[in-house]
Each structure stands twice: as structure tokens, then as C-alpha cells.
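Please keep the sequence and the model in view while reading the numbered points.

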Amino acid sequence: MPFVQIDVNKEIEKRMQNPKFKKAWDENHAEYELIGEMIALRKQKGITQSELASLTGNKQQVISRIERKENNPSLKMFAHILDVLGYELRIVKKSSPL
């Protein structure tokens with residue numbers, strides 16, 4: 001059976017018509033973006049999950065579960081991971097008003 005190519009953005013756009021999907025997307029999208037940024041920062045610095053775990057006092061499995069979005073880190077843990085990577089979490093006003 002051949003693989004079918006899917007345009008993820010078009011698929012998301014179609015599913016946004018479903019109110020339940022849109023609500024779930026809106027509630028979780030920012031979280032996924034933040035974790036994605038954390039992963040990108042770790043990789044840019046050339047740090048493995050094991051090294052990050054050691055630097056933060058966690059097990060590698062904990063970092064892996066966060067990166068696979070199987071476990072949501074507390075705000076304190078997320079801020080600590082960012083700190084170890086040389087970054088900090090800030091609140092910034094959106095450019096477009098509500």
C-alpha cells in the first residue's frame with residue numbers, strides 16, 4: 001500500500017470547521033509551539049536529551065516524554081529547562097487585540 005501525501009496545513013484548515021477540533025486546537029497550540037521551540041533550542045546548542053536531563057536534575061525519560069508531548073511540564077520545570085538552555089520565559093502582549 002503506497003503512502004499518501006497529506007498537506008498538514010490544508011488538513012488543519014479543513015478540520016477547523018469542526019467546533020470541537022477548533023476548541024482543542026486553540027487550547028493546545030501555544031503549548032505545542034513552546035515545546036517545539038524548546039526542542040529547537042536544545043538541538044541548536046547540540047545538547048542531547050540525556051545531557052539536558054542531567055543539567056536539570058531529571059531523567060532522560062522525563063525530557064523525552066515532554067518532547068513527545070506525552071507529559072506536560074510544570075511552569076517551574078519548563079522555566080528551569082529554558083534557564084539551563086540560556087533562555088527565559090516572558091509574557092509579551094499580542095500585536096493584535098482580542
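1. Gln 49 is buried, at 18% relative accessibility; buried means under 20% relative accessible area, exposed over 50%, and partly exposed in between (1.4 Å probe, protein chains only). This residue belongs to helix H3. Helices (H or I, at least four residues) and strands (E, at least two) are DSSP runs, numbered from the N terminus.

2. A word on the source is needed here. The model is predicted: local features need pLDDT of at least 70, side-chain atom pairs count only at pLDDT 80 or more, and totals for chains, interfaces and linings use all residues. Residues are numbered from 1 along each chain as its sequence is written, and side-chain values use heavy atoms, with hydrogens and water left out.

3. Which residues does Gln 49 touch, not counting residues up to four places away in sequence? They are Arg 42, Gln 60, Ile 63, Ser 64 and Glu 67, where contact means heavy atoms within 4.5 Å. With Gln 60 there is also a polar contact between the two side chains, at 2.6 Å. A polar contact is a pair of N or O atoms within 3.5 Å; within protein, one must be able to donate a hydrogen and the other to accept it, and residues adjacent in sequence count only if both atoms are side-chain atoms.

4. Gln 60 lies in helix H4, which covers residues 60-67. Gln 60 is partly exposed, because its relative accessibility is 29%. Leaving aside residues up to four places away in sequence, Gln 60 touches Gln 49, Ser 50 and Ala 53. Its C-alpha atom is separated by 9.0 Å from that of Thr 48, twelve residues apart along the chain.

5. Within H4, the buried residues include Val 62, Ile 63, Ser 64, Ile 66 and Glu 67. Among the elements that cover the buried residues of H4 are H2, helix H3 (49-56) and helix H5 (75-84). Just after H4, Lys 69 takes a positive phi of about 60°.

6. The structure holds seven salt bridges, a salt bridge being a side-chain nitrogen of Lys or Arg within 4 Å of a carboxyl oxygen of Asp or Glu. One of them joins Glu 67 and Arg 42, with the closest N and O atoms 2.6 Å apart. This pair links distant parts of the chain, Glu 67 being in helix H4 and Arg 42 in helix H2 (residues 19-44), 25 residues apart. Both Glu 67 and Arg 42 are buried.

7. Elsewhere, salt bridges that share partners join Glu 11, Lys 14 and Arg 15 into one network.

8. Glu 11 is partly exposed, with a relative accessible area of 26%, and Arg 15 is partly exposed at 45% relative accessibility.

9. Ile 6 is placed in the segment before helix H1 (8-15). Ile 6 counts as exposed because its relative accessible area is 59%.
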